[in-house]
Amino acid sequence: MFKPMIEGLSHITLVVSDLDRTEEVFRAVFDAKRVYDSGDDTFSISRERFFLIGGVWVAIMEGEPVRHRGYSHVAFKVDANQIGKYEERVKAAGLTLLPGRSRVPGEGQSVYFYDHDDYLFELHSGTLETRLQRYERGNPKGAEASNGI
């Protein structure tokens, strides 16, 4: 009998215009470790590279990225005490840093930024558990103001 069970996240794949430029961002901001480079070989739809970012397999493939800025994003967990240092890394990499969004106190801190292909990334200090605990207390009107995304 088939028992469906998702084991976890396998990988994230992003189509990017420049593998080298994206790798520079991944290394500078995320301390990404490259674990594979296809070189001129094409095992999938185009040249590709694989990275480990906080234990997550992130693949980038060469091609024409979707050029649409929105709120769909990839978020990586970071220590709250390191938020300022990550913000400095994003600025040093010449990326588009966003002011963030309104926050309900207790749901964590975030740094939002767009990369060169308009993918939105978030570096977030909270967890699902802390967010659910905060939301259970109610009162979303108490959100801290910001310019938002």
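**Note on the predicted model: sheet, core and salt bridges**

1. In this predicted model, strand β7 (residues 110–114) and strand β8 (residues 120–124) run antiparallel to one another and are joined by five bridges, where two strands are taken to pair if DSSP finds at least two bridges between them. Within this pairing, V111 is placed opposite L123 of β8. Helices (H or I, at least four residues) and strands (E, at least two) are DSSP runs, numbered from the N terminus. Residue numbers start from 1 along each chain as its sequence is written, and side-chain values use heavy atoms, with hydrogens and water left out. Local features need pLDDT of at least 70 and side-chain atom pairs count only at pLDDT 80 or more, whereas totals for chains, interfaces and linings use all residues.

2. Both strands belong to an open sheet of four strands, in the order β5-β8-β7-β6 and with mixed pairing. Because β5 (73–77) and β6 (96–98) stand at the edges, each with a single partner strand, one side of each has no neighbour in the sheet. From one strand to the next the twist averages 25°, with axes being lines fitted to C-alpha atoms, for helices over the stretch in contact, and angles running from 0 to 180 degrees between N-to-C directions.

3. Two helices pack on this sheet, as judged by contact (heavy atoms within 4.5 Å). Helix α1 (residues 19–30) touches β5, β7 and β8, and its direction makes about 15° with that of β8. Helix α2 (residues 83–92) touches β6, β7 and β8, and its direction makes about 10° with that of β7.

4. The largest nonpolar core contains 25 residues, and those with the most contacts inside it are F26, F30, F121 and L123; such a core is a set of buried Ala, Val, Leu, Ile, Met, Phe, Trp, Tyr and Cys residues joined through side-chain atoms within 4.5 Å. At least two residues of this core come from each of β1 (11–16), α1, β3 (48–53), β4 (56–62), β5, α2, β7 and β8, with α1 giving the largest share, five residues. Once its neighbours within four places in sequence are set aside, F30 is in contact with V25, I53, F76, R89, F113, F121 and L123.

5. The whole structure holds 12 salt bridges, each defined as a side-chain nitrogen of Lys or Arg within 4 Å of a carboxyl oxygen of Asp or Glu. One of them joins E23 to R34 at 3.1 Å, N to O; since E23 lies in helix α1 and R34 in strand β2 (residues 33–37), the pair ties together parts that are 11 residues apart in sequence. E23 is buried at 6% relative accessible area, while R34 is partly exposed at 32%, where buried means under 20%, exposed over 50% and partly exposed in between (1.4 Å probe, protein chains only). R34 also forms a salt bridge with D37, with the closest N and O atoms 2.8 Å apart.

6. A further salt bridge joins D118 and R69 at 2.8 Å, N to O. D118 lies in the loop between β7 and β8 and R69 in the loop between β4 and β5, so this pair ties together parts that are 49 residues apart in sequence. D118 is buried, at 18%, and R69 is partly exposed, at 40%. Elsewhere, salt bridges with shared partners join D20, E23, R27, R34, D37 and R49 into one network.
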